[in-house]
Amino acid sequence: LARHLEAQGHEVVGCADDEREVDVTDRAALARWLRESAPDAVVHLAAQSSVARSFDDPAGCFRVNYLGALHLLEAVAASHAHARVVLVGSADQYGGRPPGHRPLRETDALAPRSPYARTKAAAELLGRRAIAGGLRVFAVRAFNHTGPGQAPHFAAPSFARQLAEIAAGRRAPVLRVGNLDSVRDFLHVEDVVRAYALLLRGDAAPGVYNVTSEAPCRIGDLLDGLVREAGVRVEIETDPALVRPTDQLTGDARRLRAATGWRPTRDLAAIQRDLVADWRERIAA
């Protein structure tokens with residue numbers, strides 16, 4: 001996102017820079033950073049983003065995801081109420097739906113199933129309250145997205161890393177996976193950051209927005225494309241520790257499209273190509 005905004009001519013100041021790290025759970029430090037930085041817009045991406053870790057440490061997840069959002073919104077209200085705020089949430093707030101379920105809309109009920117999803121849903125409620133108080137908050141529910149640089153504890157980069165290691169001879173040709181039958185909307189990270197940027201500088205009304213490809217994909221089909229792109233022969237082995245119930249989590253992006261004109265530009269093949277290339281470079285380094 002920072003690279004995308006800088007390419008558009010914006011000055012980007014991060015609160016996780018080497019010289020100026022700020023803990024979002026520190027209310028006073030965050031308020032001071034906001035006063036000193038004096039931003040025209042804020043994107044709140046600081047989070048504990050691992051669903052698995054949220055079960056191990058729900059209190060830590062709450063401190064970062066909920067209290068971090070609370071502190072940020074309070075600081076904006078106190079000193080920079082004119083600033084646009086993109087509050088990044090997750091499609092996990094909806095909870096998994098049965099296979100074949102229609103795409104989810106912003107008006108559908110939330111049913112978060114993990115501490116991570118519950119903290120994101122609660123943070124969004126803070127955002128809605130801030131909107132009612134006059135702040136320009138854009139609460140986005142981002143559906144599955146991936147691309148170069150994503151941590152390997154997520155499914156798609158985990159597949160790509162294993163394939164790169166197999167291709168380099170560093171791993172036996174066995175790919176360990178979870179449930180491949182669940183269905184998701186996969187987006188390229190470049191398309192997601194473009195959606196955030198459009199909300200920051202456009203004429204969209206404050207509110208809740210899905211960011212989703214509207215292109216349902218079985219996880220197994222994503223994997224098949226990655227295997228073809230990597231050009232290796234592998235045996236697929238199910239790891240019981242990774243298996244989750246079969247469900248579907250797909251969304252409707254009409255509200256975002258109507259407000260900003262946004263549409264994804266990178267298809268599934270581009271996602272697969274970029275993931276494999278990224279992990280080839282990382283393994284070779």
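Student: What is the volume of the largest cavity?

Tutor: About 90 Å³. This is a predicted model, where local features need pLDDT of at least 70, side-chain atom pairs count only at pLDDT 80 or more, and totals for chains, interfaces and linings use all residues. Residues are numbered from 1 along each chain as its sequence is written, and side-chain values use heavy atoms, with hydrogens and water left out.

Student: Why is a space called a cavity?

Tutor: Because, on a 1 Å grid over the protein atoms alone, it is a set of points where a 1.4 Å probe fits but cannot get out. Its volume is the space filled by probe spheres set on the points, which are joined across faces, edges and corners. Two cavities here reach 30 Å³ or more.

Student: What makes a residue part of the lining?

Tutor: An atom within 4 Å of a point. For the largest cavity, 14 residues qualify, and L87, V88, G89, K120 and A123 are the closest to its centre.

Student: Which residues line the second largest cavity?

Tutor: A160, L163, A164, A167, A230, V276 and R280. That cavity has a volume of about 40 Å³.

How values were computed. 1 Å grid on protein atoms, 1.4 Å probe; cavity = no way out; pocket = protein on both sides within 12 Å on 5 of 7 lines; lining within 4 Å.
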